[in-house]
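User: I would like to go through a structure with you. Could you show it first, please?
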Amino acid sequence: MSKPVRVRFAPSPTGPLHMGGVRTALYNYLFAKKNNGTFLIRIEDTDQTRFVPGAQEYIMDALKWCGIMPTEGPGLGGNFGPYVQSERKDMYRAYADELIANEKAYYAFDTEEDLTNVREQAKAQGMPNWQYNNVSRTSMKNSLTLPQDKVDQLLAEGTPYVIRMKMPRNRDVRFEDQIRGWVVVNTNNIDDKVLFKSDGMPTYHLANIVDDHLMEISHVIRGEEWLPSAPLHVLLYEAFSWDCPVFAHLPLLLRPDGNGKLSKRDGDRLGFPVFPCDWTTAEGELYSGYREKGYFPEAFINMLALLGWNSGTNKEIFSLEELVEAFSLDRVSKAGAKFDPDKTKWFQQQYLRSKSDETLAGLLSSMTNESEEKLITIAHLMKERATFTQDILEEGAYLLNAPTSFDEQTISKKWKEDAESLMLAFYDELEKLASFDRETIENTFKSFLENKGLGIGAVLPLFRLILTGKGMGPSMFEIAEFLGKEETLTRMKSGIYAVNIAKQNA
RNA sequence: GGCCCAUUCGUCUAUCGGUUAGGACGCCAGGUUUUCAUCCUGGAAAGAGGAGUUCGACUCUCCUAUGGGCUACCA
């Protein structure tokens with residue numbers, strides 16, 4: 001029996017979660033659900049200088065909107081808490097000490113100034129990439145070079161220090177990434193990473209490994225930007241004699257234009273959100289979100305799921321449940337994926353169209369006071385030409401209020417000499433009707449055409465123009481039925497009048 | 001610069017040695033529609049380059065090129 005699947009999403013509360021982060025969370029969620037496992041969230045706030053108030057709340061709120069809430073995390077409970085690293089602060093030190101005791105790590109007393117100097121010296125000698133590593137550490141100020149009594153003295157005096165990983169010399173570290181296969185890195189290329197900072201906090205590397213172990217994480221699914229430090233993490237597990245979780249490094253989300261990874265600035269510059277929800281910075285700058293733009297979370301999630309993963313079939317529309325069912329890490333692609341705003345809109349359109357008129361009416365009712373009955377018909381008439389829910393009301397505004405402006409192009413192209421008399425004659429026909437349903441109106445219209453010896457194209461656009469002010473839209477007979485006899489006749493009168501004036505002024 | 005990862009239509013991708021290299025978005029054309037949207041049909045559009053391995057390479061290996069990531073007491 002293999003260990004239960006437990007995965008985590010471990011964001012840093014340094015700002016709003018962007019869509020790349022949401023996708024990482026999504027894949028973790030899908031993997032957990034697929035394997036009857038647990039998806040938890042852990043807040044990695046070991047860098048206190050970058051903490052942004054509200055970011056943690058934003059992250060939870062965004063995941064909730066997306067429908068991919070973890071079952072363990074801050075405010076959610078769970079047996080492995082606390083789930084915020086700053087609240088776990090006291091437990092990391094012992095692990096750093098253990099590493100020192102086992103000679104896997106050491107104290108380093110070099111000041112920031114020392115390090116800057118060494119780097120600049122190296123640079124001056126044509127070596128721009130100086131590293132604190134298994135060669136250079138021999139000439140630095142640390143517990144490996146200093147005599148023991150000196151080290152004890154410095155520690156006793158409270159001299160600031162960090163704890164660094166003692167990277168072994170010339171060893172190939174290998175691990176099998178679930179997405180990339182075997183990855184091999186020689187330790188000579190890895191520096192002696194700081195594990196414990198002088199401010200008493202662990203760095204990401206230490207805290208991450210300790211917590212993943214303590215929280216019994218089975219699979220680490222994270223962004224590709226972590227791939228270079230994965231060997232260090234493997235070495236840390238080894239140093240603690242802990243089982244190493246399975247790694248899966250996800251391809252990055254790239255910006256739609258040019259190259260490079262998607263950044264928060266790309267969004268509003270290119271006209272699409274990069275965040276799930278709106279975010280206002282402390283300076284008052286607004287970054288727009290998918291939620292506020294009117295996207296359905298299902299559409300957003302569907303789009304993200306297919307950015308770097310596919311089911312191996314031609315199916316593209318997936319509910320969350322279907323994604324869970326179809327998901328597997330070996331169908332995640334290796335290369336970075338450029339995000340495509342057009343396709344995102346397409347997904348949104350598909351989801352809008354698939355919703356029932358009643359459902360859409362329910363959503364619409366929060367935007368207007370109109371009756372549900374009316375909203376159902378409006379949704380029915382407009383949803384095929386809308387992308388967002390609010391488009392239904394905007395595009396179909398004339399269904400609720402008589403038009404105040406009339407399409408100029410239609411006027412100049414269609415409103416000929418006889419238009420007024422034609423519409424007045426049709427008005428008379430409609431006025432006679434006892435019932436005002438679409439079939440009756442259509443039949444009346446057709447016999448009217450026959451009597452006049454005219455084609456549809458010569459008359460119907462006129463009817464549409466005076467009733468809706470537009471040159472295009474859904475079936476005129478359904479629109480007239482929706483408006484009712486009284487409103488239709490009223491609009492015809494005022495429409496004819498208004499169009500005549502517009503024609504004169506043109 | 002060093003290390004690591006990647007490379008199929010403009011974009012997301014299928015293909016796990018033998019295919020007319022498939023689908024989707026977008027684009028173009030035609031049909032349906034009073035019109036627009038929807039819908040239907042069709043079209044243009046791809047294996048970065050070079051060496052190998054093999055009867056045969058998009059698929060395996062190597063080199064080059066290109067792109068990306070990392071290179072902090074940030075995550």
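User: How far does helix α22 reach from its first C-alpha to its last?
Analyst: In this predicted model, helix α22, residues 485-505, reaches 30 Å. That is close to the 30 Å expected for its 21 residues at 1.5 Å a residue.

User: Which residues of α22 are buried?
Analyst: They are Thr488, Arg491, Met492, Gly495, Ile496, Ala498 and Val499.

User: And what covers those buried residues of α22?
Analyst: The cover includes α17 (408-414), α18 (419-432), α20 and α21 (476-483).

User: New topic: RNA strand B. How many residues surround it, and which are the closest?
Analyst: RNA strand B is surrounded by 62 residues, and the closest are Ser12, Asn129, Asn259, Ala335 and Met472. Elements that give two or more residues to this surface are α4 (112-124), β6 (181-186), β13 (337-338), α12 (341-354) and α20 (456-468).

User: Which one gives the largest share?
Analyst: Helix α20 does, with five residues near RNA strand B. Helix α20 is also among the elements covering the buried residues of α22.

User: What is that surface like by class?
Analyst: Near RNA strand B there are 22 nonpolar, 21 polar and 19 charged residues.

User: What about chain A overall: how many helices and strands?
Analyst: Chain A has 22 helices and 13 strands. Of its 506 residues, 35% count as buried.

User: What is its radius of gyration, and what would a compact globule have?
Analyst: Chain A has 33 Å, whereas a compact globule of 506 residues would have a value near 23 Å. Along its principal axes, the C-alpha trace spans about 110 × 55 × 35 Å.

Conventions:
Residues are numbered from 1 along each chain as its sequence is written. Chains are lettered from A and ligands numbered from 1 in the order in which they are written. This is a predicted model: local features need pLDDT of at least 70, side-chain atom pairs count only at pLDDT 80 or more; totals for chains, interfaces and linings use all residues. A residue is near a molecule or strand if its C-beta atom, placed from the backbone, lies within 6 Å of it. Helices (H or I, at least four residues) and strands (E, at least two) are DSSP runs, numbered from the N terminus. Ala, Val, Leu, Ile, Met, Phe, Trp, Tyr, Cys and Pro count as nonpolar, Asp, Glu, Lys and Arg as charged, and the others, Gly among them, as polar. The radius of gyration is taken over C-alpha atoms; the globule rule is 2.2 Å times the number of residues to the power 0.38. A residue is buried if 20 or more other C-beta atoms lie within 10 Å of its own, exposed if 12 or fewer, and partly exposed in between; C-beta atoms are placed from the backbone. The expected span of a helix is 1.5 Å times one less than its number of residues. Two residues are in contact if their C-beta atoms, placed from the backbone, lie within 7 Å.
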